Amino acid sequence: MSIENAYDLLQRSIVYFHGEPLGTAASCDTAPSSNNYQECFVRDFVPVALVFLIQGSPAIVRNFLTTVMKLRGRRPILEAHVCSSGLMPASFRVQIDNGEEVLVPDFGERAIGRVVPVDSAMWWLFLLRAYVIATEDWELVTDKELQACIRQILDLYLSDRFECTPTLLVPDGSFMIDRRMGVYGYPLEIQALYYSTLFTAHELLQHTGAEESLLSTLEIRTEALRAYVQHHYWIDRDRLNEIYRYKTEQYGLNVANILNIYPESIPDWMDGWLDLRSGYLVGNQGPGQVDFRFFAQGNLLAILFGLATEEEASGIMNLYELHWDELIGEIPAKICYPAASGEQWLFLTGGDPKNMAWSYHNGGNWPVLIWPFVGAAKYAGRQDLAQRALELLTARIEHDNWPEYYDGKQGGLIGRRANLYQTWSAAGFIVAQEIMRSPEYCNFFECVTFKHSLKDALKIKHATENSRNKYE
Ligand code: GLC
């Protein structure tokens, strides 16, 4: 049975420190494609943590949260850059030094391409909220160091640099897509996570009596970000028509094409791609730049967090239905569509053979995306699509030994350099099954309005207890 096998994999992947469980290895493959897959990655642990919370075993999640909090800001000084205290590592490992176990974080200084993980602190806050929703452990949130930690994260993520938009400017590969893929600038996934971060910080700080000025800053930025993403990232037929007929080089305050997007930048593949019912949030928006590629994680998180409107959520799900073979194919779900090939691949990836067209980040299919897909489909009332996707995954994933990703236009091949026994592939599968059974688990994600109180979401606790009984 797939589900038991998935639980076994999670159990095997647990990382212990001084006998305490505090995370999971990214993969249990005995020959992983790179040795940092034995480390505990912050973003990879998120779906695993959701499983532990649903199961009613929050201790490992608490240990993880406090461990990562203590590791924050501990990057060695790099070429004169002092590490901000709000920066959290991409991963950490347990190492033996002089017979003693020590924790060694990686902020990207060891990672391929030296990428800084902008998403880590954002996933950490997301998980903190989910943990509180499941446990009501407010003692942890009121802890002095944790309060300081949230403020340091905000110092870093709210600090003014050179931007004049509410979105966050980041380097290439600073999130799940952690290699060069032409995703620098204002990638959608980061903006969706940023929205959840601002919302969560506001919610947690409000409940622990933070100063009005900080709460108001968070409120203003969250609203501005939401309005900006909904306006500038959303594309449907009407919006495409607007861009197609845009006037350019407009100067002044009251102009339509404020980012100076040239209609000539609409790629050929967009012709006929959207019908009248579908739409999506584009991958990136910047001055003179729209990345029209469809990035699954950003779109799905935008639905889950409530950053996309209800109509947009329906439009995105209609797009999945319309282009099921391309966006889901044989294994849910395609990470990005379409793949870049030829000159474009060379230019965007720097000639990265792991990111060849229809492989890995460049159009590969990632089983872990099943949990945001099922959550988003449920949210949008598309139980049918959630079911269809989950059936596809169930038919293959255990037989294929839980690959990290699949290759091919429709995801028909196990990824050429994919690890097997990838922990978040198994965790994503369990979380998706759980959401199918108990839609209340969507409370873990949804950032509804500023009036949304945690109390409403605490229904989850009872659901957690029921679910725990199921597995005892
Ligand atoms: C790859 C993925 C990244 C993931 C890591 C560990 O680098 O791109 O998103 O966190 O593997 O699984």
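In the predicted model, Y360 is located in the loop that lies between helices α13 and α14. Although Y360 is not a glycine, its phi is positive, at about 50 degrees. The residue has a relative accessible area of 4%, and because buried means under 20%, Y360 is classed as buried. A positive phi in a residue other than glycine is also found at H18, where the value is near 50 degrees. H18 is placed in the loop between strands β1 (14-17) and β2 (20-24). With a relative accessible area of 52%, H18 is exposed, whereas Y360 is buried.

Two cis peptide bonds are described next. One of them joins P332 and A333, with an omega of about -5 degrees, and A333 has its place in the loop between α12 (324-327) and β11 (336-337). Another joins Y337 and P338, again with omega at about -5 degrees; here P338 lies in the loop that connects β11 with α13 (342-349).

Helix α10, which spans residues 296-305, is mostly covered, in that 10 of its 10 residues are buried. These buried residues are A296, Q297, G298, N299, L300, L301, A302, I303, L304 and F305. They pack against several helices, namely α4 (120-135), α7 (188-207), α11 (310-322) and α14 (370-379), and also against the strands β7 (279-281) and β10 (294-295). After α10 comes G306, a residue with a positive phi near 80 degrees.

An open sheet is formed by 3 strands, which are arranged in the order β3-β4-β5 with antiparallel pairing. Strands of a sheet pair through backbone hydrogen bonds, and the arrangement may be either parallel or antiparallel. Between β3 and β4 (residues 91-97), which run antiparallel, there are 2 bridges; in one of the pairs concerned, F41 has S91 of β4 as its bridge partner. Helix α3, comprising residues 59-71, lies across β3, β4 and β5, and its direction makes an angle of about 80 degrees with that of β4.

Methods:
Residues are numbered from 1 along each chain as its sequence is written. This is a predicted model: local features need pLDDT of at least 70, side-chain atom pairs count only at pLDDT 80 or more; totals for chains, interfaces and linings use all residues. Side-chain values use heavy atoms; hydrogens and water are left out. Buried means under 20% relative accessible area, exposed over 50%, partly exposed in between (1.4 Å probe, protein chains only). Helices (H or I, at least four residues) and strands (E, at least two) are DSSP runs, numbered from the N terminus. Contact means heavy atoms within 4.5 Å. Two strands pair if DSSP finds at least two bridges between them. Axes are lines fitted to C-alpha atoms, for helices over the stretch in contact, and angles run from 0 to 180 degrees between N-to-C directions.
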